[in-house]
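Visitor: I have a model open and want to learn to read it. Where do we start?

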Amino acid sequence: MAMRLLSGIEAIGSRAVKILLACAAGIAFLVIALLIASLFTNGLIRGRTENAMNEKLIGYHTTVGRAQLNLIDGNLTLMNVVVVQNAYPNPPVMDIGSITAHVDWAALFRGRVVAAFEIRRPRLHIDLKQLEHESTNKRPVSKEGWQDALQNIYPFKINRIDVQDGDLTYVDVDPKRPLHLEHLYLTAGNIRNLYAGNKVYPSSLHASAVLFNQAKLAVDGYANFLAKPYAGIWIRYWVQRLPLEPFDPVISHANLTVHGGVLDSSGIVQYAPWIAQAEVYDARVDGIDLKYVHLPQTTGKEQKHAQQAKQTAKQVNNKPGLILKVDRSEIERSRVAYTDQGGKPPYTLFFTDLTVTATNFSNHFYQGTSVIRMSGKFMGSGETIVKANFRPEEEGPDFMLDTAVRNTDVTSLNDLFRNYGKFDVAGGSFSLFTQMNVKEGEVRGYVKPLFSQLKVYSYEKEKKKPVLKQAYEMVVGAASHVLRNHETEKVATQVDISGKLDRPNVSTWQALGELVRNAFIKAILPGFEHQVGGLSSNPAGKPS
């Protein structure tokens, strides 16, 4: 009886082994068949995918080097994907190492059939011609079919995107100095809002990158990719040791040049159909040399830029739904300059050893008083202190400005004097004191320039000039001697500034700019001319 039982067990075991072997052979055959089928279908998949992507793109064209469909797990991989702009195809705007689309298994376990995309080594390259062509296109980017082209790669809706080792290059006017971002890693999850759909931003968003081979950028936040009419995001950003000189080719279009300087900053950006917000928690610029250069041939363009800036300032000032704020910003060990190449001769005004601190700045002044503190050396020698408070607006601009410039070497202003007074000086110092208070459409204050130990004529310096020019400057120097305060050895004039603003409805920054221009250009220089030579037909004030 026992022998029969053992024989039965052996027979059952033998049949089970045979069944398992048969199943394994069947599975192996199926896998091999699917792999072979994948090889034969790859060419068809490549053509079909390429056509599907190009059907959606407008103004651009895509080519796919190879496609590989794994029929076992459903993974689809596209390799060597190249995107070109039809108007300027060289260089291609994008070159992607590979795009792999597969089922999002984490979502599948929760009963949702969606896709996840892995994009490896994407290289985005844009130059000035391509960017200008895109800017002339009245069609918004959202209507050019980029999202639809990506979605057409795979039959399931995209729920997750991973970008690995991305690279972005922008070439402006100088091919040798591109803007370059590398080692970009980005993850966007829950794109279809499958979980936590009741949140304003249910999707996760994380990114990191390196800029100019040294600066570190990190982004951490949330998004709502299904918001209408466009996606919404909320992100926190950090930037460490960002060099500013590489931006010189870009800002040169605005007559600006930059040398040196690094930026550290953190803050938040929120952009959605219901709000636009950028808040800088802190920003610190160290060692920048920034110059604005006025050129006669770009006068029209500069005036246009100034008008656009005024219009933009007017539009964003207290605009509902738009929040722009800087909690604290600092500039240290820096230099700023203004050069007028149209002057005869050209001249430059500048500050060195510049330190600026600005707190609580916003386009909505109801958020409290904004404060600026500045120190530096005017023309490299004049110790300068500036204090400014910008109060919450109720009826137009509301601010206070207090400025003191002491003991500037007056010879450093000779090019400026040659422009306006057609003379120069051999020695002396220049100081300036001004206070302005603007409130309820009225301005009250004064501007008081002082010239100490002023010496307009020096034979050693002037002996090579024409005799008539020497005589003219001797007369100017004599007039200065007559008007000098002999007790203090200073030439001074005080210009009172009071009355209604010319345009009380302008923004605070426009009002400040106009006051500075009127006070410094229309008061100081004519006042100086009057004091030293009686050359101004409309004297700015009386000698003190």
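Guide: With the nonpolar core: a set of buried Ala, Val, Leu, Ile, Met, Phe, Trp, Tyr and Cys residues joined through side-chain atoms within 4.5 Å. Buried means under 20% relative accessible area, exposed over 50%, partly exposed in between (1.4 Å probe, protein chains only). This is a predicted model: local features need pLDDT of at least 70, side-chain atom pairs count only at pLDDT 80 or more, and totals for chains, interfaces and linings use all residues. Residues are numbered from 1 along each chain as its sequence is written, and side-chain values use heavy atoms, without hydrogens and water.

Visitor: Which residues touch the most other members of the largest nonpolar core?

Guide: Leu 78 and Phe 117, in a core of 43 residues. Another core, of 32 residues, lies apart from it; Leu 354 and Val 443 are among its members.

Visitor: How do I read strands?

Guide: Helices (H or I, at least four residues) and strands (E, at least two) are DSSP runs, numbered from the N terminus. Two strands pair if DSSP finds at least two bridges between them. Here β8 (residues 215–224) and β9 (residues 232–243) run antiparallel, joined by nine bridges. Asn 224 stands opposite Gly 232 in β9. β9 also pairs with β10 (residues 256–272), antiparallel, over nine bridges. There, Leu 242 has Leu 263 of β10 as its bridge partner.

Visitor: Is Leu 211 buried or exposed?

Guide: Buried, with a relative accessible area of 14%. Leu 211 lies in β7 (residues 203–211). Contact means heavy atoms within 4.5 Å. Not counting residues up to four places away in sequence, Leu 211 touches His 180, Leu 181, Leu 217 and Leu 242.
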